[in-house]
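I opened this entry to keep track of what I looked up. The notes follow the order in which I checked things.

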Amino acid sequence: ESEQALGLKAYVLSKLDRAAEGAAVYEKLVAAHPGDRTIMMNAVSLYQQADQDDKANALLENARKQGLLQSENEFRALFIGYVNADKYKEAEEVLVDGVGKGALKPSDDLANDYTLIAQNYLAQDKVPQAVDFYGRAAKVATSGSAYLNLAKVLRNENRVGEAKAAA
């Protein structure tokens, strides 16, 4: 089958609520064109539709390791995939990588992402890391809620002077 026919087949399968089969077809295309981000993202999308998030995350992580992830949407898809899988360490790595490469820019979305990581650290009683990520969130957020969260954590740690400064 030609690549065009395989793409059409995958599309039709996805419209027939057979996304897992469509994703398997796209896997063939990904194997034939490992550097094609469009094909990879189509496969990821179909795996997500088929509730096969582990396979979607694996494709995205492989692409990240090869340096193929470039856009905010690509990094965010992997970040969210890891958060949904309760893999916060991996999510943090993706976030830091995306920011470092300039794909994830300062925004309220990024502030929310940092806050998710901070909350996870707080739940694990890893306060220094939580303070770090609440601080990162506060620096990129457009509202004051991130600073308020940071102030609450600092106050709970009896770091009153820092808490007042953050609030």
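I began with D17, which sits in the loop joining α1 (3-15) to α2 (19-32). I note here that the model is a predicted one. The phi angle of D17 is near 60 degrees, a positive value in a residue that is not glycine. Is D17 buried or exposed? I found a relative accessibility of 74%, and exposed means over 50%, so D17 counts as exposed.

Next I looked up D51. This residue belongs to the loop between α3 (37-49) and α4 (53-65). Phi of D51 is near 60 degrees, again positive and again in a residue other than glycine. D51 has 67% relative accessibility and therefore counts as exposed.

I then turned to the chain as a whole. How many helices and strands does the protein chain have? I counted 10 helices and zero strands. The pattern along the sequence reads α-α-α-α-α-α-α-α-α-α.

For overall dimensions, I took the C-alpha trace along its principal axes, where the span is about 70 × 25 × 25 Å. The radius of gyration is 19 Å, whereas a compact globule of 167 residues would have one near 15 Å.

Of the 167 residues, 43% are buried. Among contacts with a separation of 6 or more, 40% join residues 24 or more positions apart.

I listed 20 positive and 24 negative charges, whose mean positions lie 4 Å apart.

Terms used. Residues numbered from 1 in each chain as written. Predicted model: local features only at pLDDT ≥ 70, side-chain atom pairs only at ≥ 80, totals over all residues. Heavy atoms only, no water. Helix = DSSP H or I, 4+ residues; strand = E, 2+ residues; numbered from the N terminus. Rg over C-alpha atoms; globule rule 2.2 N^0.38 Å. Buried < 20%, exposed > 50% of the residue type's maximum accessible area, 1.4 Å probe, protein only. Contact = heavy atoms within 4.5 Å. Lys, Arg positive; Asp, Glu negative; His and termini not counted. Charge placed at Lys NZ, Arg CZ, Asp CG, Glu CD.
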